[in-house]
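Dear colleague,

My notes on it follow.

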Amino acid sequence: MKDADYFMTESLKVWFLASEVAPFAKTGGLADVAGSLPAYLKSLGVDVRVGLPFYRMAKDRDLKAQKVLEGLEVPLGNTRLRGDVLETSTREGVPVYLFDREDLFDRPNLYGTPEGDYYDNLERFTYFCRAALLFASKVGFQFDLVHCHDWQTGLIPAYVKTLYRANPFFSNVASVFTIHNIGYQGLFPPDRLRICGLPGAEYNPEGLEYWGKISFLKAGIVYADAITTVSPRYSQEIQTPEYGMGMDGILRKRSADLYGILNGADYTSWNPAMDRHITNHYSLGNMRGKRKCKADLVKELGLHERFVDRPVLGMVSRLAPQKGSDLLAQIVEDIVGLDAGLVILGAGEEAYQALFLELGRKYPESVAVTIGFDEGLAHRIMAGVDMLLVPSHYEPCGLTQIYALKYGTVPIVRATGGLDDTINPFDPGSGEGTGFKFSDYQAKAFLDQIREALKVFEDRPGWMKLVENGMQADFSWEKSAREYVSLYEKVKEEA
Ligand code: ADP
Ligand code: GLC
């Protein structure tokens, strides 16, 4: 691929569509990526515009947003829905378009409740996909390329390649589809294909059919000009039966068009020297603030005060099988036995929420559990704990371990996907490495690494070296944003 600078003579127009974008709406790392990468693309000269549904979560933010289109007509099955489009922008001046349709998006959550998905997610995200394309053609945003993310936007490459191909507005448009998580496949019964409006002939194993169902994720994989995922290791893993979750065959088929581009971190939001959610800022060379953050956190969450001087472990995560919540649950009592503190912030599946709450009630002095989504607390935990636990079963990239490094918080991770790509095991002999890693998905292997970490914690100079290594690591977006621009250009040339 050519270097991005080579192409910066004319501006490339990219329509960047995602189902969540920070700070407007967020449930996980996709929002962080969609909220920060566009600014870096812009700084490389790309004319990038971002689109997402106008959820209640975004409405509650009291945005300065202007209606730019009223009554956009979007076909859905036999009917046409009318919706509005509002425009706002990111801090860095990237235009952001919000697709408003109250009955579909003005709800308490983005995708569903702890009991399960919303029953009409097919309608909701079909609407979003079609509305985004129709809006661009209506207002004359002649984009070169649409960059879409995860299953919620998977129909877009299919529309561009099939239904809209004959429409001159779309005939030269290319598409890039990024897989942030292969575990969420957007599966629906086949009789609902007519709601999507795609030709019936596309429902076959070479198209968007997946074991007797429609898969929006597969549509993205099959019809996009290029596919990316969010770490090099995960791009290899998803081509194997073990990690491909049934999509490995189609991904192997498309392996020439599949790229692993590591996520970056947005160090304007995640930086202990300027984090607006913490009161005591700190940086390498001036670490007193971290100790104060820890004391504040111990107090805020009601842990016993001795934990200001004892190791405190944290986890900030969606509570889903992917994240290794079951592994952590199995060793909570061992952690308590080691006289370490444990802080958990998470939201997700009802069973995990109940399990952790129960453990918190059982060990109120040592284990603090907060169920819910709390951006501020996520930052305070990152700053206030000594170690961050990320025992994922699989992890496409993972951002919390990357943020943890910057906060001088040492990650203990399972060697999978992006966790493996971003964390190097600490070697007390050479003083190299940034964290602790285990391979087998076993509670014992996880606990062994926690014990190792606690041992190093007792050796202050060793621990400080480890903390320093992490704080010096650089995962900023510049490099990855350039890789995206190079890929955009390649795909555009070939479209
Ligand atoms: P994933 O996207 O799979 O959830 P990542 O590690 O990529 O995992 O990103 C998770 C993001 O969501 C991080 O910004 C993390 O701080 C945030 N997060 C996860 N759970 C919560 C929560 N309960 N409250 C606040 N932030 C959370
Ligand atoms: C996902 C993945 C996570 C990744 C994030 C952003 O939801 O689970 O590993 O960091 O998307 O790409």
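This is a predicted model: local features need pLDDT of at least 70, side-chain atom pairs count only at pLDDT 80 or more; totals for chains, interfaces and linings use all residues.

Residues are numbered from 1 along each chain as its sequence is written, chains are lettered from A and ligands numbered from 1 in the order in which they are written, and side-chain values use heavy atoms, without hydrogens and water.

Ligand 2 is surrounded by 14 residues (a heavy atom within 4 Å), the closest being His180, Asn263, Glu395, Cys397 and Gly398. An oxygen atom of ligand 2 lies 2.6 Å from a side-chain N or O atom of histidine 180, and one is 3.4 Å from such an atom of asparagine 181. The protein buries 94% of the 310 Å² that ligand 2 exposes when taken alone (Shrake-Rupley method, 1.4 Å probe). Helix 1 (residues 29-43) supplies the largest share of the shell, three residues (helices are DSSP runs of H or I, at least four residues; strands are runs of E, at least two).

Histidine 147 is located in strand 8 (residues 145-149). Histidine 147 counts as buried because its relative accessibility is 0% (buried means under 20%, with a 1.4 Å probe and protein chains only). Its side chain makes a polar contact with that of tyrosine 488 at 2.6 Å (N or O atoms within 3.5 Å, one able to donate a hydrogen and the other to accept it).

Yours sincerely

Key
Buried means under 20% relative accessible area, exposed over 50%, partly exposed in between (1.4 Å probe, protein chains only).
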